[in-house]
Amino acid sequence: MMTDFVRVIGGFDVGTYIPRLAWLSSVIGLYNKVDAVAKEFDTFLERIVDEHISTSKREKVEGAEDFVDVLLQIYNDKSITGYCFAGTDTTYTVLEWTMVELLRHSQVMKKLQNELRLFCRNKSVIIAEDDCEKMRYLKAVIKEILRMHPPIPLG
């Protein structure tokens, strides 16, 4: 199973480098191989999780926990699950798209830099959240980025 996994992950996909030839991957059967390996890997991981759930209900040996046991404890502790991982991916996605769009549109970046420089000229402290409300162009740029690249699917 691991050999197939490594072969599929490290394999050459023509469509990645030449998008017009992406159809070749379907003809060659690459996508079918990827699906088969993913299903096999998913079944394997489900079996591991099921074994850990069944053994954790029957017998608990102190100090014999592994990574899966710890993840299951976090999953079962409803009070911290939402706080540990919530929002990190979407925040980084928005930041990445903001940088991409600012690099694409240098005049917008210059105008934004000027607004920030003018605003910070008389300040010797760090900009607070309340200060962001006063910067209209920054607010408009953020709204436009969120409109163009929503961090969650709107389907």
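Predicted model: local features only at pLDDT ≥ 70, side-chain atom pairs only at ≥ 80, totals over all residues.
1. The volume of the second largest pocket comes to about 190 Å³. Sorted by class, its lining has six nonpolar, four charged and two polar residues.

2. Which helices each supply at least two residues of this lining? They are helix 1, helix 3 (23-28) and helix 4 (30-58). Rolling a probe the size of a water molecule over the atoms shows where empty space is left.

3. Val8 counts as buried because its relative accessible area is 18%, and the cut-off for buried is under 20%.

4. Is Val6 buried or exposed? Val6 is exposed, since its relative accessible area is 53% and the cut-off for exposed is over 50%. Together with Met1 and Met2, Val6 makes a nonpolar surface patch of about 270 Å².

5. On the overall fold, the chain has ten helices and zero strands. Along the sequence the pattern reads α-α-α-α-α-α-α-α-α-α. Of the 155 residues in the chain, 15% are buried.

6. How many salt bridges does the structure hold? The count is four. Side chains of opposite charge can pair when their charged atoms come close. Three of these pairs are taken up in the next points, among them Asp131 with Lys134, Glu133 with Lys139 and Glu144 with Arg147.

7. The side chains of Asp131 and Lys134 form a salt bridge with an N to O distance of 3.9 Å. This falls inside the criterion, because a side-chain nitrogen of Lys or Arg has to lie within 4 Å of a carboxyl oxygen of Asp or Glu. A reader using another cut-off may wish to check the pair of Asp131 and Lys134, given at 3.9 Å. Both residues sit in helix 9 (residues 129-134), and they are about one helical turn from each other because they are three residues apart. Asp131 is buried at 7% relative accessible area, whereas Lys134 is exposed at 57%.

8. Glu133 and Lys139 are joined through their side chains by a salt bridge of 2.9 Å, N to O. Glu133 has a relative accessible area of 52% and so counts as exposed. Lys139, with 33%, counts as partly exposed.

9. Glu144 and Arg147 make a salt bridge between their side chains, with 2.5 Å from N to O. Helix 10 (residues 136-148) holds both, and a spacing of three residues puts Glu144 and Arg147 about one turn of the helix apart. Glu144 is partly exposed at 33% relative accessibility, while Arg147 is exposed with a relative accessible area of 56%.

10. Helix 8 (residues 106-120) contains Leu112. What is the burial class of Leu112? Leu112 is buried, because its relative accessible area is 8%, under the 20% cut-off. Leu112 and Leu102 are ten residues apart in sequence, and 9.2 Å lies between their C-alpha atoms.

Definitions and conventions:
Residues numbered from 1 in each chain as written. Heavy atoms only, no water. Patch = residues over 30% accessible without salt bridge, like charges linked within 9 Å, V, L, I, M, F, W, Y side chains within 5 Å. Areas by Shrake-Rupley, 256 points an atom, 1.4 Å probe, with all protein chains shown as cover. Buried < 20%, exposed > 50% of the residue type's maximum accessible area, 1.4 Å probe, protein only. 1 Å grid on protein atoms, 1.4 Å probe; cavity = no way out; pocket = protein on both sides within 12 Å on 5 of 7 lines; lining within 4 Å. Points joined across faces, edges and corners; volume = space filled by probe spheres on them. Helix = DSSP H or I, 4+ residues; strand = E, 2+ residues; numbered from the N terminus. Nonpolar A, V, L, I, M, F, W, Y, C, P; charged D, E, K, R; others polar.
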